[in-house]
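Please open the model in your viewer and keep the selection tool at hand. The stops below each name what to select and then say what is there.

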Amino acid sequence: MELSRRDFIKNLLRLGSGVAVAGALGSLAACAKESKPTLSPSPSPPGPALTQQPTAVPAPLDKTYLAVARGPSPELIVQAAIKALGGMERFVRKGNDVIIKPNICVAYNTYEYAATTNPEVVAALVKLCLAAGARRVRVMDQPFGGTAQQAYERSGIGKAVKEAGGEMEIMSGMKFREVDIPDGRDIKKWSVYADALDTDVLINVPIAKHHNLGRLTLGMKNLMGLIKDRGQFHFNLGQRVADLTSLLRPQLTVVDAVRILTNHGPTGGDLADVKLMNTVIASHDIVAADTYAATLFGLTADDIPIIRAAAPMGIGTTDLKSMKVEEINV
Amino acid sequence: MVTEAAQPEKKTIPKKWRWTRRTVQTLFLLLFLFLLLYTVQGTAGLFPNDLFFHLDPLTAITSMLASRTWIAPMALGIITLVLAVALGRAWCGWVCPMGTALDWTPSRRPHKNPAVSPRWSQVKYFVFFAVIIGAVLGSLTLVILDPITLLFRTIASGILPGLNWAIGGAESWLYGLGALRPALEWADGALRGWLLNSQPFYLPNLALLAFFGAVLGLNAVRSRFWCRYICPLGGLLGLFSKISFIRHKVDGDKCISCRKCAAICPTGAIEPENKFAADAAECTACLNCMEACPTRAISFGRQSKATQPQDTTRRWFLYSLGAAAVMAVFVRFIPAAVKKASASVRPPGSSEASMGDQCIRCGECVRVCPTGVIQPNPAGSPARLWTPVLKTRLGYCDYSCNSCGITCPTGAITELTLEEKRKAVIGVAKIDQTRCITWAEGRDCIVCEEMCPVPEKAIRLGGGGQGHGLGGGRHPQVLEDLCIGCGICEHQCPVAGEAAIRVYPPAA
């Protein structure tokens with residue numbers, strides 16, 4: 001039996017050369033686009049050097065430690081809260097790479113259902129970062145219900161971010177890296193999105209919601225969108241989320257409480273569970289921001305297992321009385 | 001008689017027809033692949049994704065016969081039948097993407113073929129009648145032999161998930177090395193959403209790949225073995241081509257009986273013993289012979305009945321009918337024998353009945369599903385072979401998606417609005433207390449409750465207030481009246497191996 005090997009090889013070559021040309025063009029285009037010095041360092045063994053963001057920026061007592069802004073315009077209250085903290089320039093330097101992490105956990109409903117972060121809040125932060133000189137502002141999350149493309153669209157965040165000049169990134173499976181968690185008490189290693197570790201500034205923008213196991217999902221819980229194997233976190237949710245926070249340490253947390261979800265979280269779907277609060281809470285201290293946000297639900301730090309676990313780890317403080325809280329009405 | 005070796009005048013033969021045909025074939029294959037790749041969530045209505053299924057008269061006839069319903073878009077198949085009446089099996093030589101794939105597969109060189117016994121080429125009529133009679137009796141299982149469904153299903157359920165797995169793995173590995181990151185990020189972004197997605201590879205789909213491999217592999221026996229001997233669509237078009245009016249013609253005055261035409265014919269249609277006439281039911285109008293003829297004796301045009309090759313097929317035609325009737329008995333009795341086989345979790349908007357008599361096993365729903373929960377059923381009744389089932393450990397029915405119903409070319413999965421789909425009950429979740437972490441190990445875990453997309457939550461926590469740990473020793477419980485069976489709880493259950501919460505078909 002004789003096959004026409006020549007034809008077969010010819011076909012293969014034809015196909016192969018097509019792919020190669022496409023690939024080469026792709027690389028060229030990518031290189032051209034990325035020819036500026038990139039920020040992400042070449043990979044070195046995972047370790048503390050890479051993983052440590054500066055610990056919570058210490059603020060003198062006379063400076064605002066936590067800002068709470070209230071008003072009908074999400075954009076204006078974000079601007080006011082950040083201004084009260086000393087402006088975005090305190091967090092973002094010229095030329096910085098910034099990642100903003102909202103909560104876009106499902107693609108089910110629009111933002112009015114309070115399962116996903118308010119798009120105006122996210123867009124306002126993108127604009128402030130760009131105004132402060134950020135080189136690039138990316139916004140991302142890993143939805144568990146529906147595709148990222150669809151969740152970005154339905155939440156309204158995709159459109160708002162693009163209009164504000166930011167980029168939506170579809171989180172790719174290839175970019176996860178297993179890293180040590182030196183301060184972890186329960187978990188010592190986990191697979192985390194590399195860009196969240198390597199970026200200059202990580203800004204955390206959770207929406208305040210009900211969550212049956214954690215009581216509430218706030219800033220620290222929102223960081224779970226940046227890891228793999230999230231299901232394994234639930235066996236010891238409080239400590240594991242606190243451990244993850246000790247690794248990621250976002251420089252700024254802005255809790256979106258324009259609308260809060262009071263029941264049937266984190267997915268929601270019933271407007272009867274949504275409460276309009278017209279509030280945002282901002283701080284460099286994620287524990288303080290979460291503690292304050294809990295009070296919107298009539299709860300305290302002691303009620304929230306994640307905050308209870310984080311408080312003794314030196315990640316932040318739950319003592320709202322010890323800090324300068326600035327409340328602004330816009 | 002002049003032998004091949006004595007004809008060195010190859011340069012004089014114009015190749016323009018060959019290249020025209022190859023170009024047309026390539027364009028149709030590219031169109032087929034484009035429509036397949038863009039059968040993804042969110043492109044509904046942007047492209048005519050069902051075009052090939054609607055142009056295919058075999059899927060049209062069988063799905064309408066089996067379901068006893070008029071499926072309007074399927075009327076497009078008439079175009080293909082009209083084409084067959086005009087040009088014989090030109091579909092096979094110029095349009096069919098499966099035929100093109102076979103042309104591109106290495107094959108035993110046509111001129112090495114011995115004269116083909118016309119008897120074997122009758123098998124496809126047998127297959128065709130078996131498919132039709134199966135449909136009349138309400139089973140579409142044999143439509144798995146339709147070339148369009150065969151190619152689409154294999155690419156959608158086997159090749160693309162395999163590629164996805166391989167490319168994803170390669171990307172992760174290369175990304176770890178570091179050097180190529182900008183190129184990788186660009187490539188990943190460019191491919192994601194159409195070539196790359198989150199569909200996992202479902203292991204039983206290896207059977208689909210093996211079947212497809214066998215179809216290609218038969219090329220080693222004869223070029224286009226599948227088209228000559230088996231393809232039921234080829235059988236249907238072959239029947240129509242018997243009355244086609246534009247045909248292969250040989251000018252007896254010019255013919256020098258060099259046999260070049262018979263040697264180059266990819267389907268063995270030319271009969272040297274019959275003045276090199278071509279059997280219209282086998283000829284795919286590829287025009288290779290016309291170009292190969294050193295004396296330009298061959299042309300394609302109106303053919304008078306008198307010079308047509310003698311029709312030796314009537315006997316076999318009747319034989320096919322008889323054999324098909326035997327087949328029908330099988331088709332009839334197999335489903336009856338396995339009727340007790342348990343029902344499966346089916347796509348929203350479908351039913352066990354529509355899966356049997358309306359589903360053409362094309363795999364469009366498999367392709368469009370963003371989570372990969374829809375897979376061709378490898379088990380259960382043969383009457384439901386490769387119909388879509390939901391493998392809720394592998395994926396989940398996305399609460400914000402109604403793509404499968406929009407995509408289905410036959411209405412086997414009816415189109416539901418998102419609101420309707422969210423209320424469509426496709427199954428019910430049940431907790432296995434011997435596996436559930438909260439029951440069996442007394443530890444915290446409420447992933448299923450967290451995931452449940454029903455606004456009022458079909459999974460609640462019960463089993464007693466302040467126990468231990470964060471969950472307070474609470475256990476998840478399913479409220480079966482609220483559960484829609486989407487399966488995200490089973491998919492996300494963190495228990496290793498079989499999940500501790502599993503979705504079952506709704507009680508009948």
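Predicted model: local features only at pLDDT ≥ 70, side-chain atom pairs only at ≥ 80, totals over all residues.

Begin by selecting B:Thr43, which counts as partly exposed because 18 C-beta neighbours lie inside 10 Å; a residue is called buried if 20 or more other C-beta atoms lie within 10 Å of its own, exposed if 12 or fewer, and partly exposed in between, with C-beta atoms placed from the backbone. B:Thr43 sits in the loop between α1 (16-37) and α2 (51-55) of chain B, where helices (H or I, at least four residues) and strands (E, at least two) are DSSP runs numbered from the N terminus.

Residues are numbered from 1 along each chain as its sequence is written, while chains are lettered from A and ligands numbered from 1 in the order in which they are written.

Now colour chain B by pLDDT, the predictor's confidence in each residue on a scale from 0 to 100. The mean for chain B is 86, and 87% of its residues reach 70 or more. Over residues 1-12 of chain B, however, the pLDDT is below 50, and this stretch has twelve contacts in the model beyond near neighbours in sequence; two residues are in contact if their C-beta atoms, placed from the backbone, lie within 7 Å. Residues 465-471 of chain B also stay under 50, and there the model has 17 contacts beyond four places in sequence. For the complex, the predictor gives an ipTM of 0.85 and a pTM of 0.86.

An automatic or database domain assignment sets the domain bounds, giving domain 1 (1-194 + 206-418) and domain 2 (425-508) in chain B. Where they meet, the contact takes 13 residues from domain 1 of chain B and twelve residues from domain 2 of chain B.

Within chain B, select helix α6 (residues 97-104) together with helix α8 (residues 147-177), whose axes come within 8 Å and cross at roughly 70°. The axes are lines fitted to C-alpha atoms, for helices over the stretch in contact, and angles run from 0 to 180 degrees between N-to-C directions. Show B:Pro97, B:Met98 and B:Ala101 in α6(B), which meet B:Pro147, B:Ile148, B:Leu150 and B:Leu151 in α8(B).

- B:Arg361 has a positive phi of about 60° although it is not a glycine. B:Arg361 lies in the loop between α16 (352-357) and α17 (364-368) of chain B and is buried, with 27 other C-beta atoms within 10 Å.
- A:Ala114, not a glycine either, has a positive phi of about 60°. A:Ala114 is in the loop between β2 (97-102) and α4 (119-131) of chain A, and is buried, with 31 other C-beta atoms within 10 Å.
- The peptide bond from A:Gly265 to A:Pro266 is cis, with omega near 0°, and A:Pro266 is found in the loop between β10 (252-261) and β11 (274-283) of chain A.
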